[in-house]
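Visitor: I would like to go through this structure and ask for the grounds behind each label. Please keep the answers brief.

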Amino acid sequence: ALLHDVGKPTCFTVDEAGTGHFYGHEKASAALADALLRRLHFSNGERERIVRLVELHGLPLPPEKKTLRRRLARLGEGGFFALLALQRADVMAQAPAYRDRLAELDEAEALARALLSEESCFSLKDLAVKGGDLLTLGLRGPALGKTLNALLDAVLDEKAPNEKEKLLALAAELKKTL
């Protein structure tokens, strides 16, 4: 949390209206955090986890099922809740006028917990079909991986249920386009 905005001074600009901006400060902060954590001899795993949080600290977490499914798929449960905690701390450190965002973060947390309790599909390992199932459709090599990822995207976007028969039917359709 202490490192999430260290790149702001290097990114500060003022627009024509005299308003200050910090465009790109997430990446600049991540680079500075990475260098500092290396000098402090943090383990690679801990350094990478911290740098990723710093780089993603501005990632929107709106209380929308589709978006939160994608965020949980991308970050994993631990990464998602760590990012949520960082964003909550960031909001609390701002002027009280900006604290209305806390309610949105609370909603996002409640929805994410509900999605997790439903045992929703967030990764290829959660998908109702596996590579072996797609081999029976004649899919091989890169086409197999692309199809699995397309099926996961369809489930994450609620375009298809995570049910084996329906996903196999969708895979058969996708095979025609590969």
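Guide: Start with Glu-158, which counts as partly exposed at 48% relative accessibility. One caution: the model is predicted.

Visitor: Why is Glu-158 called partly exposed?

Guide: Exposed requires over 50%, and buried requires under 20%. Glu-158 has 48%, so the label is partly exposed.

Visitor: What makes Glu-158 and Arg-69 a salt bridge?

Guide: The closest N and O atoms of the pair are 2.9 Å apart. The cut-off is 4 Å, so the pair qualifies. Glu-158 sits in the loop between α7 and α8, while Arg-69 belongs to helix α4. The two are 89 residues apart, and the pair links distant parts of the chain.

Visitor: Is Arg-69 buried or exposed?

Guide: Arg-69 has a relative accessible area of 8%. Buried means under 20%, so Arg-69 is buried.

Visitor: How do you know that Asp-153 and Arg-70 form a salt bridge?

Guide: Their closest N and O atoms are 3.2 Å apart. That is within 4 Å, so the pair counts. Asp-153 lies in helix α7 and Arg-70 in helix α4, so the bridge ties together parts 83 residues apart in sequence. Asp-153, at 34%, is partly exposed. Arg-70, at 30%, is partly exposed too.

Visitor: Why is Asp-34 called buried?

Guide: Its relative accessible area is 18%. The limit is under 20%, so Asp-34 is buried.

Visitor: What makes Lys-8 and Asp-5 a salt bridge?

Guide: Their side chains meet at 3.6 Å, N to O. The limit is 4 Å, so this pair is a salt bridge. Lys-8 is partly exposed at 24%, and Asp-5 is partly exposed at 22%. The structure holds 15 salt bridges.

Visitor: Which residues have the most contacts inside the largest nonpolar core?

Guide: Phe-80, Leu-127, Leu-134, Leu-151 and Leu-167, in a core of 35 residues. Helices α3, α4, α5, α7 and α8 each supply at least two residues of this core. The largest share, nine residues, comes from α4.

Visitor: What does Leu-151 touch, not counting residues up to four places away in sequence?

Guide: Its partners are Leu-127, Val-129, Leu-134, Leu-167, Leu-170, Ala-171 and Leu-174. Another core, of seven residues, lies apart from the largest one. Its members include Ala-30, Ala-33, Ile-50 and Val-51.

Visitor: Are Cys-11 and Cys-121 buried or exposed?

Guide: Cys-11 has a relative accessible area of 13%, and Cys-121 has 5%. Each value is under 20%, so Cys-11 and Cys-121 are buried.

How values were computed. Residues numbered from 1 in each chain as written. Predicted model: local features only at pLDDT ≥ 70, side-chain atom pairs only at ≥ 80, totals over all residues. Heavy atoms only, no water. Buried < 20%, exposed > 50% of the residue type's maximum accessible area, 1.4 Å probe, protein only. Core = buried A, V, L, I, M, F, W, Y, C linked by side-chain atoms within 4.5 Å. Helix = DSSP H or I, 4+ residues; strand = E, 2+ residues; numbered from the N terminus. Contact = heavy atoms within 4.5 Å.
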